[in-house]
Amino acid sequence: DPLDALAAPAILNLFGGRFSARAVKFSLDGALGSRGAALLAPYADEAGNSGLMQMTREDFKAACREALQKGYQAATHCIGDAANRLALDVYEEIFRESGRDPRDFRWRIEHAQIVALADSARFARLHVILAMQPVHATSDMKWAEERLGKERLAGAYAGRKFRDAGCRIAGGSDFPVESENPFHGIYAAMTRQDADGNPEGGWLPGERLTREEAFLAYTRWAAFAGVAGMLADNLM
């Protein structure tokens, strides 16, 4: 079967057990700040520009199939709503074709900054892990609405919506873009404020995580996301 899932990774326990590679990262689009994030509709502040998709659907699916064949966890950079939808579509096809339970894969989407509301619940249904960086919300808040328009903010930097849908969020820093200090991310997830305490009450405050959720995102849930296959089933 060409989709014989979860074989042993090709790079495992090299150099006396000191080095293993269990995951492969793909990049579907660019960044929101440079208007490279792939959007379903054009940027609010640049007519005719919907961002940049860096892989075709066919190439991305072929790459995901190869990752699966070789036993790797897929982690895909997606910032715009078009990139997130494409990744979910292809992941869903791969899971269905494999005949395996999606929970076996622990495949991830990195960033998931702008997601169409219609796609939010798909992350939980497909058991796709969200590898998010809460500090991106407080870094981007000064210009995100200018790029997206107010309507698309409903699915942007949406920690609370994902948690309410039953998603597991793995917190990260995106270092060196942001500080590697995990407490900056925990603070941003809880308050939706920058290091100076702005804005008062938090940006999009309805997307705040609880203290426990923010802590779990940077500990247990991050550990779960970092171990491919079924190597850490106790990390629920």
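**View 1. The side chain of Tyr 218 and the backbone of Gly 172.** A polar atom of the Tyr 218 side chain lies 2.9 Å from the backbone oxygen of Gly 172. A polar contact is a pair of N or O atoms within 3.5 Å; within protein, one must be able to donate a hydrogen and the other to accept it, and residues adjacent in sequence count only if both atoms are side-chain atoms. The model is predicted, with local features needing pLDDT of at least 70 and side-chain atom pairs counting only at pLDDT 80 or more, while totals for chains, interfaces and linings use all residues. Residues are numbered from 1 along each chain as its sequence is written, and side-chain values use heavy atoms, with hydrogens and water left out.

View 2. Tyr 218 sits in the loop between helix 9 (211–217) and helix 10 (220–225). Helices (H or I, at least four residues) and strands (E, at least two) are DSSP runs, numbered from the N terminus. Tyr 218 counts as buried because its relative accessibility is 17%; buried means under 20% relative accessible area, exposed over 50%, partly exposed in between (1.4 Å probe, protein chains only). Not counting residues up to four places away in sequence, Tyr 218 touches Pro 134, Gly 171, Gly 172, Pro 182, Gly 185 and Ile 186, where contact means heavy atoms within 4.5 Å.

View 3. In helix 8 (residues 182–191), the buried residues are Gly 185, Ile 186, Ala 188, Ala 189 and Thr 191. These buried residues pack against helix 5 (134–140) and helix 9. At the N-terminal end, Asn 181 caps the helix, with a side-chain oxygen 2.9 Å from the backbone nitrogen of Phe 183. Just after helix 8, Arg 192 has a positive phi of about 60°.

**View 4. The buried side of helix 2.** Phe 60, Lys 61, Ala 63, Cys 64, Ala 67 and Leu 68 are buried in helix 2. They lie on the same side of helix 2, because they cover an arc of only 160° around the axis; the arc is that of the directions from the helix axis to the C-beta atoms. Their cover includes strand 3 (23–27), strand 4 (73–78) and helix 3 (81–98).

**View 5. Strands 3 and 4.** Strand 3 and strand 4 run parallel and are joined by five bridges; two strands pair if DSSP finds at least two bridges between them. Lys 25 stands opposite Ala 75 in strand 4.
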